[in-house]
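This report covers strand pairing and a chain contact.

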Amino acid sequence: MNFKKILPQLLTLVVVILVFGFFSYNAQVNMENRGITFGYGFLTQESSFDVQFSLIEYDGSHSYFRAYLVGLLNTILVSVIGIIFATIIGVVVGIARLSSNYLIERTAAIYVEFFRNIPLLLQIFFWYFAALRALPLPEKAEPMFGVFFLTIKGFFIPAFIWNNLDIFIYSVIAAIIAIFFVRAYSKKKQENQGTQTPVLLISIGLLIILPLLSFLLGGVDASIEIPVIEQLSKTSFTYKGGLKLPPELISLALALSLYTATFIAECVRAGVQGVSKGQKEAAASIGLTPNQVLKLVVMPQALRIIIPPTTNQYLNLTKNSSLAAAIAYPDLVLVFAGTALMQTGRAIEIVSITMLTYLTLSITISIFMNWYNKKIAIKEK
Amino acid sequence: MNKLNFLSPDKNNLYAYLYSGISLFSLSILIVFLNSFFSLDLTSFLPGTISYFLPLIIGFIGLHLIRIEYSGIKFLDIINKNINTNNFNAVLSILIIFAVIKSLPPLLSWFIIDANFAGDSKDACSGSGACWAYIKTWFNRFMYGMYPNAEQWRINLSFIALAFLGGVGFFATEKFKKYLTLYYVVVYPIIAFLFIFFFISGGPIFFDFSYGIIAAVISIVIGFFIPSKFKMYYFLIIPITIYILLKYVFFYEELIELGKIQAFEWVETGAWGGLSLTFIVSFFCLIFCFPVGLFLSLGRRSDLPIIKYISIGFIEFWRGVPLITVLFMSSVMFPMFLPEDMFIDKLVRVIIAISLFEAAYVAEVIRGGLQALPRGQYDAAKSLGMGYWKMHIFVILPQALKLVIPGIANTFLALVKDTPLIFVVGLLEIVGMLNLAKTNPEWLGFAMEGYVFASIVFFIICYAMSKYSYNLEQKYKTER
């Protein structure tokens with residue numbers, strides 16, 4: 001260890017400690033002046049504010065912690081919806097970008113260039129304030145397929161009413177675990193004997209049969225509840241029954257998925273293009289059918305390129321869902337860092353909890369991704 | 001004449017297939033065209049569903065008939081190769097063509113034909129189309145926010161001057177080229193800051209920062225004459241000394257009072273807004289986030305453990321949280337961290353917050369470039385006896401930065417697209433101004449026009465930036 005190595009480190013450390021010390025000293029003085037003490041005790045206090053849209057039971061008499069959970073669940077809900085649609089659109093557009101058909105390729109390219117060069121916030125505003133406001137009032141809405149109602153007050157869809165829902169969920173989980181084992185078995189079999197198992201057919205079969213069994217044997221029972229129009233007052237109508245997706249959720253999910261899909265499309269395109277032509281030709285020359293070439297040679301290699309940046313995009317989508325605050329969709333930022341902060345005035349505690357939540361989310365995912373990358377990386381001898 | 005087999009067109013009866021195919025295809029397009037532009041329904045005599053799908057079916061048959069391999073007609077071959085390789089592609093092509101024809105009339109009528117261009121009140125917009133009079137009336141606000149109308153020339157003048165000064169690099173002769181980096185990294189940002197501070201904000205000529213700037217300029221000038229061996233220590237000590245000397249020894253309070261002459265009317269940052277604010281915020285964030293990101297990326301790859309882990313912690317923290325919470329922090333939490341009598345303008349706070357946030361992303365991008373360089377480059381530089389800074393400045397960074405031009409451009413694009421978020425702290429750039437204008441009781445109901453206008457503006461800016469970065473990438477591409 002020589003002087004030249006220790007000095008810069010020491011200097012940085014001193015600067016960092018000084019800055020942190022300065023900040024925390026000031027924070028202490030400021031809080032003393034305002035008569036507030038630092039602490040997380042307020043989380044158990046009664047929140048006394050309402051939230052428009054909640055997945056769990058919540059009203060003003062619940063605690064601030066419950067409000068935090070409501071916000072977190074809403075964030076997760078819109079992120080999951082966004083991720084599903086962004087993946088579907090992104091994969092379709094990414095493949096369309098590779099099409100030999102000039103018109104399709106151009107259409108996909110225009111979509112990508114257009115949607116990713118416009119700020120996400122602007123897109124959210126566009127859908128919420130301009131596009132969805134053009135929808136009809138509840139009493140004038142045309143039903144889609146007789147059961148869906150797209151109105152200015154939200155999207156009303158039929159809901160399932162379940163008996164013994166837990167058994168059904170267990171059966172789905174059992175099916176997924178079974179599929180996992182089938183895949184592992186078929187992979188092993190292919191490596192040892194070189195024979196293919198129709199994994200996809202078996203998987204679909206399992207996914208249908210096990211839940212079906214739960215209906216027949218487990219006493220699971222579901223009926224469908226269709227939304228029915230109801231008059232609230234002389235001019236105000238709404239739909240009763242079924243599920244209501246508020247317009248905030250729809251516009252947010254729409255904007256998030258259309259925006260993120262452009263990036264996923266580019267990832268998919270780069271991934272498929274990243275597989276060298278020689279691989280395909282080599283696979284074809286040993287007599288694999290085009291389907292097998294795609295499934296056994298191109299996709300495994302392309303996925304290796306596609307998955308890491310795509311996960312990054314999922315993470316971005318989740319973080320971008322915090323823009324919900326701009327259109328009053330009650331997500332974590334709006335409910336907790338907005339309303340709860342205004343009510344309690346505990347800026348440091350609340351902002352730090354909010355940031356830590358997002359930080360935990362992204363660090364967990366990035367640790368998982370690092371592990372996954374290591375696992376699928378080509379093992380060179 | 002050979003036997004015609006309509007299921008598999010071939011070259012023998014080329015013209016029979018060609019004429020029938022083209023006429024069917026043209027017919028289908030004609031039907032859709034007339035239907036959408038003149039609302040004429042040629043197929044109304046047929047039952048609903050069939051008349052709906054008829055153009056698709058006719059067009060599909062037409063395309064099937066002209067799908068003749070190696071026909072020898074160049075134009076036909078190009079069409080077949082590009083939009084008509086098989087049945088599936090043919091259907092998709094037809095659908096896309098129809099969709100374009102179908103969507104053109106409503107778009108045209110909304111944008112141009114039925115739109116209102118003249119007038120300066122809501123009553124002028126009676127048509128079913130867009131109300132561009134709204135944009136025209138509010139244009140000033142969308143560009144300059146709440147900035148006083150009479151003073152807007154100051155923004156224009158500063159932007160033109162800065163654009164001109166920024167373009168100096170293109171005209172530099174060989175002799176001055178080596179100073180360009182210094183100019184862009186140190187001199188230009190200072191000039192830009194002075195312009196913004198004096199012209200746009202109308203700040204006093206003498207303020208606390210003046211000492212700092214004078215100190216920096218003097219120390220840089222002296223720095224040229226200092227042997228490089230002592231430069232690091234020099235730049236650590238001298239600027240601070242000069243600053244203290246200037247502030248407490250040479251300039252007395254009376255002098256400061258004398259210097260407090262305001263050339264222009266003071267416009268507080270809360271009144272700034274519109275597109276010009278977008279430019280100001282993205283410009284300064286862009287200038288600050290790059291050097292910070294560069295140092296962070298070097299720090300992350302450093303051998304010195306403390307620096308390495310501090311950099312990692314810093315980068316991962318900013319990358320893990322959404323920008324909106326960072327802005328929340330800068331507006332509600334950060335004031336708690338400052339002494340009570342200290343006040344930092346919210347625009348400055350926002351610029352610092354966004355710069356630090358984007359710097360973390362820039363750092364990761366640059367780290368990618370540093371990692372992509374072969375080890376041999378480092379070894380070669382070291383074997384020539386270069387030190388850490390010399391090696392990085394002359395060997396490593398020029399190559400690494402070249403590699404990451406697309407990544408950095410993407411980060412800058414993201415930065416520009418993130419600027420609307422500053423509405424969180426109450427600064428209204430163009431999107432924020434739109435939302436304000438939308439709620440004006442005299443101009444209710446024109447949200448669509450506003451958002452379309454802003455989308456076009458942002459699209460032009462971002463698209464131009466991405467094309468420019470692509471050109472840069474091509475220009476600096478070196479064979480490896």
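In strand E5 of chain A, Ala222(A) is the bridge partner of Trp162(A). The model is predicted: local features need pLDDT of at least 70, side-chain atom pairs count only at pLDDT 80 or more, and totals for chains, interfaces and linings use all residues. Residues are numbered from 1 along each chain as its sequence is written, with chains lettered from A and ligands numbered from 1 in the order in which they are written.

Strands (E, at least two residues) and helices (H or I, at least four) are DSSP runs numbered from the N terminus, and two strands pair if DSSP finds at least two bridges between them.

| Strands | Bridges | Opposite residues |
| E2 (148-151) and E3 (154-157) of chain A | three bridges | Phe149(A) and Phe156(A) |

Strand E5(A) lies largely in the open, because zero of its five residues are buried (buried: 20 or more other C-beta atoms within 10 Å of its own, with C-beta atoms placed from the backbone).

Strands E2 and E3 belong to an open sheet of four strands in chain A, ordered E1-E2-E3-E8 with antiparallel pairing. Its edge strands, E1 (143-144) and E8 (243-245) of chain A, each pair on one side only.

The contact between the chains takes 47 residues from chain A and 42 residues from chain B, where contact means C-beta atoms, placed from the backbone, within 7 Å. Helix H21(B) gives the largest share of the chain B side, nine residues.

Key. Buried ≥ 20, exposed ≤ 12 C-beta atoms within 10 Å, placed from the backbone. Contact = placed C-beta atoms within 7 Å.
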